[in-house]
Amino acid sequence: MPDAVELIRAKRDGARLSDGDIGWLIAAYTRGDIADEQMSALLMAVYFRGLDAGELQAWTDAMIGSGERLDLTGLSAPTTDKHSTGGVGDKVSLVLAPLVASCGAAVPQLSGRGLGHTGGTLDKLESIPGWRARLSNDEIVTVLRTVGCVICAAGDGLAPADRKLYALRDVTGTVESIPLIASSIMSKKIAEGTSSLVLDVKVGSGAFMPDLASARTLAQTMVRLGNGHGVRTSALLSRMDMPLGRAVGNAVEVEEAVATLRGEGPADLVAVTLALATEMLRLAGITADPGAALADGRALSSYRAMITAQGGDPDAPLPVAPHAEVVTAEQAGWMTALDARAVGVAAWRLGAGRARKEDPVSASAGVICLVKPGEPVEAGQPLLELRADDPARFERARAALAAAIGIGPHPPEPADPILERVPAGGPGLELAS
Ligand code: URA
C-alpha cells in the first residue's frame, strides 16, 4: 500500500508518480482516508512540479473512476458538447445547445454555477420561472431524446473526487495549475458520456487564463486528454478582454440569448456561437449550416422546447431590477476598451454573482453595455447601465469600473473574437506544468 507522506515527498522532489500511486491517492482521498492537509501539500507539489502526460492521464482516469459515467449510447443522434473556461457575458451555451440540436446532434450540456466575476449558465437559466437545473439521469436522457438538448446541473455521482479536490484547491492557492484545471474539467466532461467535445478556452482579462500562451497550453492539454479517453475533442481560443455581447448578469443574459435566437444578436456573440457550432457539428460528423438554423427559427424552437421540458415557461416575463443607474462618458471620441474583468466584478458586486458557493444570486442585477469598443461616444453619453435590487450596491460597482473604460481619438482595429483553433489531431504537450 502506498504511503501519502512518501508520495508527497516524491512529487515535491520532482519524481514521477506511478499509475497505481495516483489511482490509490485519488480513491483514498475521495473515501476520506487521506487528510485534507496531506492532499493540500500534494496539490502544492503538483502545482510546482506539474504532471507529465502519463501522470495526467492516470490522474484524470482516477477522477472519472471516482463516480458514475452517464450512458448516452442509446441515443440515435450523435452526442456533442461544449465547455467554456468561463468569461463575462458568456451566454453562448444558451444559444449554442439548441442551435446544434436543431441541426441534428444531441447536446448534453452539464453545466455549473458562477463563482467570482464569471457567470454560470445555471444561474442565468434559473431566472426563468419554473425552470429546473436538477434532473435525474433518466430525465436527462428523456429530454435529450425528445428535444435534442439539455442544460442541467452535473449530478453528485459524476466525478465526486473533483468536487472534493476543487473545494480544497480553492482554499489552498492551487486552482491555477494547468494539469489540475485540465483534469478537473475533462473528468467531468468525459464522465458525462458525450462522444465529442469542443472547448472554448477564453483569453484575456475576464478569463481564467489572461495570456495566450497559457490558454494555448491549457487547450492543448485538454484536447490531448479528451482524445486519449476516446472523446473527439478540439478547442477554440476566443477573446475575453471585453464582455461578450452587451448584457452581463442573469435574466439580462437570457434576454440577450433569446434575441440572438430570434436573429437579433450582437455580432461578437453570433460569431463565437457559430464558430463553436461549426466545430461541434464537424466533430459529430453532421453536415448542416448552423447559420441557417439560427436565421430560420429552428434553433429558437429547440430552445423553447428545452425550457418547457425542464419545467420553465419560455413566455414568462423575466425579473427586472427595481433600481438602475448609468455610467456616462467623460469625453467624446471612440470607445477603445471595456475591461471584461472590471465589468464582471461590477456585475458581481451588483448581486449577479456569488462570493461563496452557498450564496444566492440576484436574477435581475447586472450591467448593460450600452456602448462597446469600436463605437463612437459623445461627452456625457450613457455607456453602461447598472441594475440592482439594492441601491446600496451601486457605489462599489462603480468603484470596480473606475479604470475599465478607454476612450480615444480613433476607433480600435476590429479584432476577430476567435484567436486560434486547436484541432482534435493537433499536437499535445508532453509536460503540463
Ligand atoms: N473549472 C473547473 O471545472 N475546474 C477547474 O479546475 C477550473 C475551472
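In what order do the 4 strands of the open sheet stand, and what is their pairing?

Author: The model is a predicted one, and the description that follows applies to it as such. The open sheet consists of 4 strands in the order β2-β5-β6-β14, and their pairing is mixed. At the edges stand β2 (80-84) and β14 (418-422); each has a single partner strand, so one side of each is left without a neighbour in the sheet. From one strand to the next, the twist averages 20 degrees.

Let us now consider β14 and its partner. Strand β6, which covers residues 232-239, pairs with β14 in the antiparallel sense, and 4 bridges join the two. Within this pairing, Ser238 has Ile418 of β14 as its bridge partner.

Helices also pack on the sheet. Helix α9 (residues 178-191) touches β2, β5 (196-203) and β6, and its direction makes about 160 degrees with that of β2. Helix α10 (residues 212-228) packs on the sheet as well, where it touches β5, β6 and β14. The direction of α10 makes about 165 degrees with that of β6.

Key. Residues are numbered from 1 along each chain as its sequence is written. This is a predicted model: local features need pLDDT of at least 70, side-chain atom pairs count only at pLDDT 80 or more; totals for chains, interfaces and linings use all residues. Side-chain values use heavy atoms; hydrogens and water are left out. Two strands pair if DSSP finds at least two bridges between them. Axes are lines fitted to C-alpha atoms, for helices over the stretch in contact, and angles run from 0 to 180 degrees between N-to-C directions. Contact means heavy atoms within 4.5 Å.
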